[in-house]
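Let us take a friendly walk through this protein together. Have the sequence and the 3D view at hand as you read.

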Amino acid sequence: MEKAENAALFNYKGYNLQKELMKLDFLEAAEDLETRDSDIFVITYPKSGTLWTQNIVCFILYEGHRNGTENICISHRCVSIEYNIHNVDITQMPSPRVIASHLPYYLVPKKLRAKKGKVIYVYRNPKDVLVSFFHYCNSFRILGNSSNLEEYMQSFLSGNVIGSLVFNHVKDWYTHQNEFNILFLCYEEMIQDLRGTVLKICKFIGKELSSQEVDKVVEMSTFKNMKADPRANLVKTYEECFGQKNVKHIRKGTVGDWKNIMTVSQSERFDNIFQAQMKDIPLKFIWDIKEIQSTQHGKRQEPLQEDKEQKCSTQP
């Protein structure tokens, strides 16, 4: 194990984790975890739509979560491998298990690379990731405050943050995607077409919902509704586990917020590094809300091809 440059970080096999939050025993056991065909892993670089995607999956799978009759926090429904703060025994979770992680591809369970289990990987434009992470660190004191964006940006672009270097995380998952049963999603395109995203996830995980149930998932998955739902935004988790009442895990959930805080010089410097790091990766990145349709969150979309029969079907 390497020594992390930042005292708040723990470096495990070349990957940075938050020292106080990470669970080393769970982490060490992760690679040999016996995965199941029904397992659904939600994997992202931090602040790239992790909680949002977890909620969408759980709204799809659990009627009680969708209609509000079950008061179970998302951190219990969707357990993190490396930040298992409730010490849930993942091996005893009933199927289908929903498991969250920010781990790089080489640290996830080996059986996932044998395509046993499903991976939903979400990526986001890294300028918004930077800004979201910056605000999050300043609201959740255990992560260590950064007094200004420039200071945090230097750490972020050197990989001296939780999650290590964002470019490596996205690149490695993309270039090794053929090793996994994986669905790649773009955060900004999820905003653009939330209903279409719900349908994609339904099809990928093999869950059939009626058109009305899909509409309900879309409604519950809007940022406005998730922010107001204590189960969905980890309010109780932060209060009970960390004694903090004002942590903004769900803050804006928008596109292009980086323009409100980054200087022109910072943006240009970021662009140069991004181009150098990602020049060979043909992923589409969306940097501005103007680049996507003006569809509001939760507004019903025109049916996709697979929705013609008013079902979210597992059939191609």
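At what angle do helix α9 and helix α10 pack, and how far apart are their axes? In this predicted model, α9 (residues 194-205) and α10 (residues 211-220) pack at an angle of about 120°, and their axes are 9 Å apart. The crossing of α9 past α10 is right-handed. On the α9 side, L194, R195, V198 and L199 take part, and they meet S211, V214, D215, V217 and V218 of α10. Sorted by class, this contact has six nonpolar residues, one polar residue and two charged residues.

**The protein overall**

Stepping back, the secondary structure comes to 13 helices and nine strands. The protein has 316 residues, of which 56% count as buried. Taking contacts between residues at least 6 apart in sequence, 72% join residues at least 24 apart.

**Helix α6 and what follows**

Helix α6 spans residues 149-158, and its buried residues are L149, Y152, M153, F156 and L157. Seen down the helix axis, the buried residues of α6 fall within an arc of 125°, so they line one face of the helix. Just after the helix comes G159, with a positive phi of about 80°.

G159 also turns up among the contacts of S164, which touches G14, Y15, N16, Y45 and G159 when residues up to four places away in sequence are not counted. S164 sits in the loop between α6 and α7 (166-175). Although S164 is not a glycine, its phi is positive, at about 60°.

**Backbone details elsewhere**

K47 is another residue other than glycine with a positive phi, in this case near 65°. You will find K47 in the loop between β3 (40-44) and α2 (50-61). There is also a cis peptide bond to look at: the one from S95 to P96, with omega near 0°. P96 belongs to the loop between β4 (78-80) and β5 (98-101).

| Residue | Relative accessible area |
|---|---|
| H65 | 0% |
| W258 | 10% |
| S164 | 12% |
| K47 | 12% |

Why does W258 count as buried? The relative accessible area of W258 is 10%, and buried means under 20%, so W258 qualifies. W258 is placed in the loop between α12 (235-242) and α13 (264-278). Setting aside neighbours within four places in sequence, W258 is in contact with N125, K127, D128, V131, S267 and W287. W258 and D288 are 30 residues apart in sequence, and their C-alpha atoms are 9.1 Å apart in space.

Where does H65 lie? H65 is part of helix α3, which covers residues 63-67. With a relative accessible area of 0%, H65 is buried. Which residues does H65 touch, not counting those up to four places away in sequence? They are N55, C58, F59, E70, I72, I74, R77 and R231.

Notes:
Residues numbered from 1 in each chain as written. Predicted model: local features only at pLDDT ≥ 70, side-chain atom pairs only at ≥ 80, totals over all residues. Heavy atoms only, no water. Buried < 20%, exposed > 50% of the residue type's maximum accessible area, 1.4 Å probe, protein only. Helix = DSSP H or I, 4+ residues; strand = E, 2+ residues; numbered from the N terminus. Arc of directions from axis to C-beta. Axes fitted to C-alpha atoms, helices over the stretch in contact; angles between N-to-C directions. Left-handed = near helix turned anticlockwise from the far one by under 90°. Contact = heavy atoms within 4.5 Å. Nonpolar A, V, L, I, M, F, W, Y, C, P; charged D, E, K, R; others polar.
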